[in-house]
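Dear colleague,

I am handing over a structure that is new to you, and below it you will find notes on what was found. Please read them with the structure open beside you.

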Amino acid sequence: MTEFNPKIVAFCCDQSGYPAADMAGALKRKLPKEVEIVRVPCAGRIETIYLIKALERGADGVLIFACYEDNCQFLRGNLRVKGRLSYAHRMMERVGLEKERLEICHLATNQGVRLAEILHQKVEQLKKLGPNPVRQKK
Amino acid sequence: MPRIGILIDTLQGSVPASFQEKLSAYVKEFPEVIVCFKEDDLNSSDAISRINRYVESEGFDRVVILGGSPKDYEISFQKLKLSLPLNPYLFSVANIREQALWISSDEEMALERAKIIISKAIHTVNSTKPIPTQSLTLNPEVLILGGGLIGISIALDLAHAGIRVFIIEKEDRLGGKAQKVFKWLEEKIDEVEKNPKITVLTQARLKRVVGHLGRFEATIECPDRKEITLAASAMVVSTGYASYRERKGIYAHKRVVAIEEMEKIMAEASGPSLLKEGKKIEMVTYLLDEVNEDIKIDSISAIRQSLILQDLLGCQVAVLCKDIKVSSNGMERLYRRAREKGVLFFKYDDPPRLSIVDGQIEVDLKDTSPIQKKERWPVSILSDLVVIGESFGPIPEAEELSKVLKIHLGPRGYFMEDNPQLLRVRSNRKGIFIAGACRFPQEASEALIEARAVSQEIITLLSKGTYPYDLAVAEVDPKKCALCYTCPRLCPHSAITIEKYGDRNVYTTPMTNKEMKWGAAKVDPASCYGCGICVAECPAKAITLQHLTSEQIYAQMNLGE
Amino acid sequence: MKAGSNLEKILEKGWFAVTGELGPPKGNDVSVVKRKAELLKGYVDAVNVTDNQTAIVRMSSIATSSLLLQMGLEPVMQMTTRDRNRIAIQSDIFGATALGIKNILCLTGDHHTFGNQVDAKNVHDLDSIQLIDCVRTMRDQGTLLGGEEKIEGEIRLFIGAAENPFADPFEYRAVRLGKKVAAGVNFIQTQCIYDMNRFKEWMKMVRDRGLHEKCHILAGVTPLKSGGMARYMAKNVSGIIIPEEIIDRVVKAKKPAEEGIKICVEQIQELREIEGVHGVHIMAIEWEQMTSKITEMAGLLPRPKVDQ
Amino acid sequence: MIKAEQKPMDEILRYLNPYNKILLSGCGACVTVCHAGGEKEVELLASGLRMARQKMGKRIEILEATPARQCEPEFAIELSEMIEKVEAVLSIACGVGVQTLVRHFPKTPIFPGVNTTFLGETLTHGVWEERCQACGNCVLEKTGGICPISRCAKQLLNGPCGGSSKGKCEIKKEADCAWQLIYDRLKSLNQLYKMEEFIPAKRWGVESRDSGLRRMIREDLKI
């Protein structure tokens, strides 16, 4: 049996998450294999449907790397996405998906190490949870 | 079919040659890719001119750079934008260094990741439409709200730069709070009034503002209730602050005055001494930090006043405070001079007690200052005059103004800057600047620095006469708009308004007031920062970001259909 | 005479009336009614029979009133508009008067969400003032509400209503009483009074409008059982104001219940002195045994007998 | 406008249990504005339902559509082609929209996906409150423009009950007492006399829903 490598979609705000991801690289931190970085201008750009669709299309976990609260370049982008996250969590609960598969993490641009840690922790957590149960068997 | 040119930035050797080979082999699998070059340092200027030549000789219309962080190329992008015949949105960067090479545990994984990143970048340029750049004419016209120290200072700066200025002042004359403090302000006011570039409207009120950066239209209500409309490219809010103090009990005594009133008393003084009701004032006690502990304005005013009192008006001054706050320029020196001249400073923890003794006011306190001096606690000062600090707050009109201007107020009710570290004098709306004590109570010399910053920003903005912007911003499809008002409420930059299309004939009744028919939400492209909040919230899915569509985001997730 | 009830006669004679209150059982156990009736008999001129108070389902007000009549007490039948539309209301009034009930208290009723049938659909076809108008029409015009249709027989009812001087907007409370008077109310029982100053202020407004001459006002009192009850009522029951000093008295007392009774008696004595107050309405909630003690201590006994 | 909120997904899943291919239809009018049944919600609910059914091991195919206004027959009819392809329809328009589909598609089961809650006003973004019960005979003239039918818990017409305290309703502490609002407003308009007038019993049985199915006919408009 092949090892289960959880697939993670990581939405990265251009003001925090994305520079942090680059910094993780610059610091030569190894990231998990199956991470897709999605660069967005602000966490406020992330539509609820992206979170839901990522799960529907088989992502095992979805992470949002956003700026710290009160520190959004666009004032309320990270707060709006927090609301959308809670909507998605409610829907996941009804569907029967574990809440842990979707999470928001607040970062500053220089927290590349933290970003790498979070991703590794998430991988470990998702390994315990097992594959996304709604993923369609191919 | 798009014609894509690939540029491999070898980043001065940090991408190994063997890896480069594998990548160039991979990109050739894409039918759209017509050419693949290598460059040692894409940020160098000769590299840019070489790329320019490649574009012309090879005839590609889209570019994907395989290199480092896209953030690193942003500046060169700007240059490329100017120098290349290509649309800047037909570029994409595949960050194969940070996001593949450096984060992978082995080369195989790095290659896998790089391939995914490259395919996403190719998808991005393939799916992007060229986004045109437009420009907005900026007339050199600026509206300043508030003709106090800051408003006057900005008006003069701008007028000297050839900009037409309108000052809207609610009082009947210019100067605001500062007119009592600074004698030289009179000259400035005079200068303003004589300057043909500056128009002053006193006893005026801003009633309504429509439009955005470059074409604000402000309706002003003048004293005779007449309304006039002014056009401005940019606006400045310099409305200052309000100060107040509830005066109960002994604080209502005529020998207790606020610092601001003291300014007036001193300004009216003539001769070598200070008189109150015909009697000479000998002992003046400043009682600070009762209501405003964290603001240095009071400390500084008290020291400034006490030097004059002590030196020129023959008074003995005592300053009672919790802390001496002299962190602005030159204030340490003034403080030392005050001490040298004999001004007494006391520190208290428990509030001093005031009582009336024979028409004078006795101030009793426990002095807790560690500095050796004759007077140890308890101290009792029989004063002819007690000068107290006041509370500071936003002006009463702040909330209404924030609604009219559609700019944000901070939690304490002052106007809020867009970014406290970087963009201190910009409001959340493009083209509206805020300066001085309307942001928070501050000391005049510091506020004047802000005034200068605003002047510079505006002069830079207006000097070109145009404001270029591209359409990589949110755009509303008016046919889909449900007029739910979600986006104007949520736009952090107040860049969205509901457009009134008077001429859109939807109903059969002839409109008596065309202004009163609403069509759809409209984003002002020059005011939009492209954050995407409105796109994500629109319940009708009527808003798109042209350079980052949902389809492109799904492609970046790389999860298939 | 509107109805010739005992209560009406006492009030018309200008005597100080005393009414009590009886909550019907949460079932059909007649012995509960009997026990409570015994506790009140002889101490009050009439007894309010609540109509599913606080929206808790209880024996119907009409049936309980009828039982009281059999036991020799005079009922004031409460009727809320919460549970009945105008068809049910008028039909119940036919029935009630046929059974010999002569007093009615017109109420809107506590909201159903306070009770034990929160899923119920509340009716509120009429409000309390419209109910007063309805009963008055039936009695004085002999027709149904809004109709020309003549009633077979004769409706004779002494019409009462409640008023709460402690609810808001305070300045409107006397005006609202005026509306009730205009609609045809004969007597008023107030919400229980603890804040005497506010009540006096309200009575002044009532007198200024001359309302005390157009209807009889019975001041409501409720003895406090304990400090806990006082605190609870002050905090949780809208439209009841209990001044701190009264709460304090009960809380600090060695025997809070006795203190509560004492306060109540003092209040009655104070209320008696107010111009326009024609009686008291003692609401000893689930504490009916105290009615005798309170009336006795307040010097309200023996209750006068009116000639038939 | 009409306000609505999505039904619990379990309930929707129960309705859809027998079907494998459905149409999920939103509406571009009121329910879009209150974020309950517009295009965005259609997409989200469809995705959620597919996931839930996938998890149950019973895949479902969902077509998605959002007509401009589901309550106009022509718009509803435009869905014909899609409805022919499916076994059932889940409509997240208001109850009116659902029934417009029902009228035009006699052979397809149509299910509601939202609860139509009330006719309300937006207080602030994301907060709505009831304002009208369509009682059929507007009383706002008498009450200073504040509706006691929809805003008073007991629908009182002659002033506040005894549960009005400090401006709030005793039923819901967060709700303003409608009659306090009426009082304050009439006072500020200098029209307090209106609160002294007796308002007779409302003719519910003739004017409102109680009269049976209400129909409005404008002869001048009929084609």
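In chain D, three strands make an open, antiparallel sheet in the order β1-β6-β7 (strands are DSSP runs of E with at least two residues, numbered from the N terminus, and two of them pair if DSSP finds at least two bridges between them). This is a predicted model, in which local features need pLDDT of at least 70 and side-chain atom pairs count only at pLDDT 80 or more, while totals for chains, interfaces and linings use all residues. Residues are numbered from 1 along each chain as its sequence is written, chains are lettered from A and ligands numbered from 1 in the order in which they are written, and side-chain values use heavy atoms, without hydrogens and water.

The edges of the sheet are β1 (2–6) and β7 (127–132) of chain D, each of which pairs on one side only. Five bridges join β1(D) in the antiparallel sense to β6 (residues 114–124) of chain D, and in this pairing Glu5(D) stands opposite Asn115(D) of β6(D).

Turning to chains A and B, 43 residues of chain B are in contact with 41 residues of chain A (contact means heavy atoms within 4.5 Å). Across this interface the rule finds five salt bridges, each a side-chain nitrogen of Lys or Arg within 4 Å of a carboxyl oxygen of Asp or Glu. The side chains of Glu47(A) and Lys541(B) meet in a salt bridge, at 3.3 Å from N to O.

With kind regards

Terms used. Helices (H or I, at least four residues) and strands (E, at least two) are DSSP runs, numbered from the N terminus.
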